[in-house]
Amino acid sequence: MITDRYYYMRLSEPEKRIYQVLYKGVKNLEEEIPIDGIYPDVDAVNRIYDALTADNPLLYYFNQSCLTVNTTKSGTIFVPQYFCSHEQIETYNGRIQAIVN
C-alpha cells in the first residue's frame, strides 16, 4: 500500500497524487505516464521521484537515475526507462521470493 510509505508521507497532497500515478504506471510498465492538469516544477519532480525510488526497492526494473518529463497543454507526461520486460520481472520476482522463503 502506498499510503504507508515513509517518503510518500512527507510529500504535499499534489505531490502525493503524482507519486500514486507514477507508482501505478511503473508497476504496469507504462511507456508514458500522463498526469492531466498538473505541472510540477523541477524541484517537485525530483522530490517525488526520490521518494518513489526510496520507498519502493522492488521497483528495481526501472531506471531510478533517469526520468524524462514532458509538458503538454493538458498536463505532464512522465517517460520512465525500464531495464526488464514483464516476463523478466516475473522470473526475477520468483527467484527473489524463493530465496526469501
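Tyrosine 19 touches Ile2, Arg5, Tyr8, Leu11, Ile48, Ala51, Leu52, Asp55 and Asn56, once residues up to four places away in sequence are set aside. Please bear in mind that this is a predicted model.

Which residues have the most contacts inside the largest nonpolar core? They are Ile18, Tyr19, Leu22, Leu52, Leu59 and Phe78, in a core of 23 residues. At least two residues of this core come from each of the following elements: α1 (13-27), β1 (33-36), α2 (42-55) and β2 (62-71).

The protein chain contains 3 helices and 3 strands, and their pattern along the sequence is α-β-α-β-β-α. The chain is as compact as a globular protein of its length, because its radius of gyration of 14 Å is close to the 13 Å that the globule rule gives for 101 residues. Along the principal axes, the C-alpha atoms fill a box of roughly 45 × 25 × 20 Å.

Contacts and surface come next. Among contacts in the chain with a separation of 6 or more, 57% join residues 24 or more positions apart. Of the 101 residues, 35% count as buried. The protein chain exposes about 6500 Å², and carbon and sulfur atoms supply 53% of that area.

I turn now to the aromatic rings. A pair of such rings is described by the distance of the centres and the angle of the planes. How many aromatic pairs does a search of the whole structure find? The search finds 4. One of them joins tyrosine 6 and tyrosine 7, with 4.8 Å from centre to centre and 85° between the planes, an edge-to-face arrangement. Another is formed by tyrosine 60 and tyrosine 61: their ring centres are 5.4 Å apart and their planes meet at 85°, so this pair is edge-to-face.

Are the members of these pairs buried or exposed? Tyrosine 6 has 48% relative accessibility and therefore counts as partly exposed. Tyrosine 7, at 40%, is also partly exposed. In the other pair, tyrosine 60 is partly exposed, with a relative accessible area of 26%, whereas tyrosine 61 is buried at 4%, because buried means under 20%.

Thank you for your attention.

Technical notes. Residues numbered from 1 in each chain as written. Predicted model: local features only at pLDDT ≥ 70, side-chain atom pairs only at ≥ 80, totals over all residues. Heavy atoms only, no water. Phe/Tyr/Trp six-rings, centres within 6.5 Å; stacked < 30°, edge-to-face > 60°. Buried < 20%, exposed > 50% of the residue type's maximum accessible area, 1.4 Å probe, protein only. Helix = DSSP H or I, 4+ residues; strand = E, 2+ residues; numbered from the N terminus. Rg over C-alpha atoms; globule rule 2.2 N^0.38 Å. Contact = heavy atoms within 4.5 Å. Areas by Shrake-Rupley, 256 points an atom, 1.4 Å probe, with all protein chains shown as cover. Core = buried A, V, L, I, M, F, W, Y, C linked by side-chain atoms within 4.5 Å.
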